[in-house]
Amino acid sequence: MKWELSYEDFRSMCKSFLSQNSAIDVSKWSLEETNSGCVYLSSTQLKSEQIEQSADSEWVKYEFNILYSESFRVPVLYFTKQTLSGEPISVHKVDERVSCQQRDSFSGECVVTQSEHPLSHRPSLMVHPCRTAEVMGQLNAMLDSEKYREADYLTMWITTYFTLLGIEVDLVKQ
Amino acid sequence: MIIPFLSSFDIGFWYQLADKKLNDWKLDNSPKIIRGHFSNALKPGLPCIFDICEQAFKDKLQLPSFCHVSNGKLLLANTKEDFSKFDKKSLLQFEIAKIIDSIHTGHCFDEPTSLMPFTVLCFADLKKYTFVYWCCFPSIHLSVDLVADINICALSDNETAVLDDATLCNDFLWAIDLNSRSNVNCKELLTRETLDGVWFVCADPSTDTKSVGWSCRNVINALLFHFGSKTKSIKLICLRIVSENNETSYRNSLVLDIPTRHALELTEEAVSCSGWEKNKDKLLPKMADLSKVMDPKVLSKNAVELNLKLMKWRIVPDLDLDKIAQQKCLLFGAGTLGCNVARLLLAWGVTKITLVDNGRVSYSNPVRQSLFKFEDAMGGSCTKVEAAAKHLKQINPSCEVDALDLSIPMPGHPVAALEKEKVTQTLQQLSELVRSHDCIFLLLDTREARWLPTVLGKFYRKIVINAALGFDSYLVMRHGVQIPGAGSATGDVIGTSSMLVSNSSVKELGCYFCSDVMAPGDSLSDRTLDQQCTVTRPGTSMIASSLAVELFVSCVVHPDGAACGASICESESPDSALGPVPHQIRGWLSQLYKQITPYVEAYSKCVACSASVLDAYKERGVQFLFEVFNEPSFLEDITGLARLKIEMEEDFANEIIALSDDDNDDD
């Protein structure tokens, strides 16, 4: 069972995500528009992470872009991870984190690849959207569908994939 | 009390710098204006970041709220030595002098961010795509006594209430008049007699509960200089903004009560200062290595690897791509088959390829031999191996191709006495080549040319892939390797029965010559022109080359490597990640594109791979080879083929008297 979105769905979900979010701290997220008028979510975040295993934690800069994929009809996460010097952190390092974080039920669902960022045309990491619809479908089945609100899709999606990638999610302080 | 800035560069800044240096500035190293920014709305716990982003070269930056722009300079060093020898002390003093001047003239209140300029010293190595840099944030120290006397505390309720009423300003430095409950420009305050009821506010990039940010120090100096005489104590609110749940609050701000009684002499001679950023507590520069994303060769290498990894991640998780990529491949023949095989090896990530061919590119070659272009054939044409190597490098700059213009000595082509020394050298070279590679491809255009590489390949236990073409037919096969303990039976083509020759009962597989009972001889002289150049349907060679490479890869990833048993039937469960591995693939385009996968066991009397030949080579080496080149029937003698033929003829003569064509004959 797959959970796919239309672009209009995605757009209204982005707006709800930013305005009605009680779970994730959205202060660092903003809504942007491409030259062709498509919306996407953008965020720059600083996190403290271990880049090498058993090394000290360092500050790492993430730049997230959540765009809509027409062919897969789901959101796609593009992100770059840099040191404070602006040096990109390689796919291999991200790969290691992904395999550490993967749980059995989602093994193979989170494929991180390096690809050309559709807006900046620079190398960027991407979570390939091929399994997203399935993953979200599975999640939806596990939840109480009455409680579903528009904002929840993106919140669930971000929380799921950030966790799989080993990236800390900024939660709202209760 | 004061937390230094932590510089943060965006990769976009480096891209811009590289671009401008290559295209606009070139060798012009005059200081360039750049802009950085910092924010006083950082999440608690984050360091005091000073951002230099992609917009650094613009005049006007588009930034989120609560960001403050600082004007700075980019100083480029031409060489690493220039960078190291740069007089950092002088630069700091120069910048400090400017700040002091700005304070003296009051300009600092017109443009408060002139209190917080910065400099980036940089050496950009645009061949290696590395950037060595050092940031300087000039800051005038406060006297020790003063620091000890400054009172720092959190925002009280009273102060919160005042701020609530006032209009929060996004400026770097401003003031609040408590009486009128309105914002006041600091410059205006210069004309007042006293500072009763005035609070200063500055944006504070620090999030620490006890210390303020680097930028505050120069502000304190400026305030003391101008207002020290008007009041006993200056109240400075170091404003921090917290955005949460769509609400902004300034509850993390700190309040400084600065007593003015300590003497402040704000001159270049009197002040002490610092500003060069420390790298992990040491006064050292930092570096950004961007070769992985800027160096086109690295980008290419990574992209090719990534493409292969996708195969592994999505479809064949057990595929050992590294093992394939590390194979050193030796290609005998750089013609139709050779060019295509080489190209496909690149696609599998193989980078070490050696090409052996003695030909030059002719005008008929480029259409069929995919690594050659028309130019390669023109006047004084280049050798095939040179041209092939050149084009392979144009396809993948990371590949390492050795191009050897060598002729392979062949049985039935006697070696003249004059040539003997040269040929001996060639033989030693060929032997060493086979020994030092992992796999050899036999892609030659005659039967006899394949003899020597077959012997060497078997001798050195390498993977040997052999491809041969007919007009519209092809044979792609792998030669057997010695299996310790297994004897070899007399070989016949078993055919396509559904029987997997399992590893436990595997017999040694045959080579190209195992099905023959004649030694290879001179097949070239006396042939007509069309027989001398291999005339085949063009697609045949492409098909054969593709199969050759895929067969090779299947062997490499099979746990038994070249010694893996031959699969004949599709449904056999494969040990290899890439499916069952046949011994031979034979196909005919004109027979409805039929393709079969037979296997042939090693023939005990084979003229190329049998024990008698290998032993002779082992014992007598080059001498043995020369005997074969000069008289190939010698091979039939030592393998016992000659004797076998004599016996067969005798049997034939003795036992069979007549053959009847009549089926009804009862005999």
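B:Asp110 is partly exposed, with a relative accessible area of 47%, where partly exposed lies between buried, under 20% relative accessible area, and exposed, over 50%, using a 1.4 Å probe and protein chains only. Please keep in mind that this is a predicted model, in which local features need pLDDT of at least 70 and side-chain atom pairs count only at pLDDT 80 or more, while totals for chains, interfaces and linings use all residues. Side-chain values use heavy atoms, with hydrogens and water left out, residues are numbered from 1 along each chain as its sequence is written, and chains are lettered from A and ligands numbered from 1 in the order in which they are written.

Which side chain meets B:Asp110 in a salt bridge? The partner is B:Lys187, at 2.7 Å from N to O, a salt bridge being a side-chain nitrogen of Lys or Arg within 4 Å of a carboxyl oxygen of Asp or Glu. B:Lys187 lies in helix 7 (residues 186–189) of chain B and B:Asp110 in helix 4 (residues 107–110) of chain B, so the pair ties together parts that are 77 residues apart in sequence; helices here are DSSP runs (H or I, at least four residues), strands are runs of E of at least two, and both are numbered from the N terminus.

Over all chains, the structure holds 26 salt bridges. One of them joins B:Lys43 to A:Asp25, with the closest N and O atoms 2.6 Å apart, and this pair crosses between chains. B:Lys43 counts as partly exposed at 23% relative accessibility, whereas A:Asp25 is buried at 6%.
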